[in-house]
Amino acid sequence: MIVAGLVLSAMLGLGCSDKQPAATTEAAPAQTDPQSAADGVTPTPMPADALRINPDRAFKYNKEVVAFGSRPVASVGHKKLEEYLIAKLKKDDVEIDKFPIASPVGNYTGRNYIAKFPGKKDGIIVVAGHYDTVFSLPKAFVGANDGGSSTALPLEIADVLRGKPNSGYSIWLVWTDAEEAFKTWTADDSLYGTRHLAAKWKEDGTAAKIKAFILVDMIGDADLDIQEELNSTPALRKIEYQAASDLGYQSHFFRAQMAVEDDHLPFAKIGVPVVDVIDLDYGYNNVFHHSVDDTLDKESPKSLQIAGDTVLEMIRLLDLQ
Ligand SMILES: [Zn+2]
């Protein structure tokens, strides 16, 4: 993903990565104090049996994913990871959504993986994360956080949901493919998997049933500070902050606001409520992003726990609505 625009509030110095031209980042000093969805939110009590992730298991998955090496579309690492996903989800109802990719550097085939956990309520909550890593980077890039954490956390959530009765909305976990650009990030060279899936879900009526599309991306950063992402639906941003507050994790959320181009955009464009749970402040001045320094030692199980439990609490709050 890339920063599409940036509003500086508490944080300074966060710019675009060196992979992206300066034109993708725009500071907006005239509007530095916009309203935040965090305003007026106070913690609400959670039931003792609220679902929680297992942070050590989630981190183990992150490690196993990284062990496949770099995982761009059509690579050996990508293929191994797809086999790993299938093995991990073997007890679940999994749909493989295959699609063609016409990239600036050639034609490929992509695959989104969708694991469906049925609920009693009429409607679907999607939790998604991309599993590919950047196509144009050297093999030394393993994307521990960017690609790794977003693969591992939905796998952990699958473990939490598996075999439990669900009186709420159905939960669909989606591992998206070809989120990253093949050459340089543009509207046409990015988000291949989700652009395909959004069009398909619009066509077959699924989109109308989606109550929330919750995207997780780069949520493993040991120094976790999740921005208030401005392309996200305001009501869902509010629920995100409410969920974080219920868990006592407010200090990790919304210290800064930022608009990010990411896998949620194709769904936002067709009217689905979306939210991007993302920390695009990875290392000083985002220096580890799209860098060979995006390695496991920069991550922490605790961060996966903060993000994962917040997502589970968001689902609980959405089910109450
Ligand atoms: Zn990326």
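Where is the place of N286 in the chain? N286 sits in the loop between β9 and α7. Helices (H or I, at least four residues) and strands (E, at least two) are DSSP runs, numbered from the N terminus.

## Model and conventions

This is a predicted model, in which local features need pLDDT of at least 70, side-chain atom pairs count only at pLDDT 80 or more, and totals for chains, interfaces and linings use all residues. Residues are numbered from 1 along each chain as its sequence is written.

## Overall fold

The protein chain has seven helices and nine strands. Its C-alpha trace spans about 50 × 50 × 40 Å along the principal axes. The radius of gyration, taken over C-alpha atoms, is compared with a globule rule of 2.2 Å times the number of residues to the power 0.38. For 321 residues, a compact globule would come out near 20 Å; the protein chain has 18 Å, which agrees.

Burial is counted from C-beta atoms placed from the backbone: a residue is buried if 20 or more other C-beta atoms lie within 10 Å of its own, exposed if 12 or fewer, and partly exposed in between. Buried residues make up 49% of the 321 residues in the protein chain. Two residues are in contact if their C-beta atoms, placed from the backbone, lie within 7 Å. Take the contacts in the protein chain with a separation of 6 or more: residues 24 or more positions apart account for 80% of them.

Strand β4 covers residues 121-130. It is mostly covered, with seven of its ten residues buried. Two strands pair if DSSP finds at least two bridges between them. β4 pairs with strand β5 (residues 169-176) in the parallel sense over eight bridges. I124 has S170 in β5 as its bridge partner. Between β4 and β5 the chain passes through helix α3 (residues 144-161), and this β-α-β crossover is right-handed. Right-handed means that, with the strands pointing away from the viewer, the path from the first strand over the helix to the second runs clockwise.

β4 also runs parallel to β6, joined by five bridges. There, A128 has L215 in β6 as its bridge partner.

The expected span of a helix is 1.5 Å times one less than its number of residues. In α3, 15 of the 18 residues are buried, so the helix is largely enclosed by the rest of the structure. G163 follows α3 and has a positive phi, near 80°.

Helix α5 (residues 234-246) has 13 residues, which should span 18 Å; its end C-alpha atoms are 18 Å apart, which agrees. Its buried residues include L236, I239, Y241 and A244, along with R237, E240 and D246. Among the elements that cover them are β6 (210-217), β8 (253-261) and α7 (301-320). G248 follows α5, and its phi is positive, near 80°.

A nonpolar core is a set of buried Ala, Val, Leu, Ile, Met, Phe, Trp, Tyr and Cys residues joined through C-beta atoms within 7 Å. The largest one has 87 residues. I125, V126, V127, F213, I214, V277 and V311 touch the most other members. α7 gives the most to this core, with eight residues.

The 20 residues of α7 should span 28 Å; its end C-alpha atoms are 29 Å apart, which agrees. α7 is mostly covered, and 14 of its 20 residues are buried. Not counting residues up to four places away in sequence, V311 touches V127, I157, I214, V216 and V277.

A58 lies in helix α1 (residues 55-66). A58 is buried because 27 other C-beta atoms lie within 10 Å. Leaving aside neighbours within four places in sequence, its contacts include A152, L153, E156, P301 and L304. The C-alpha atoms of A58 and L173 are separated by 15 Å, at 115 residues apart along the chain.

L191 and N286 each have a positive phi without being a glycine. For L191 the value is about 50°; for N286 it is about 65°. L191 lies in the loop between β5 and α4 (192-204). L191 counts as buried because it has 25 C-beta neighbours inside 10 Å. N286 is buried as well, with 20 other C-beta atoms within 10 Å.
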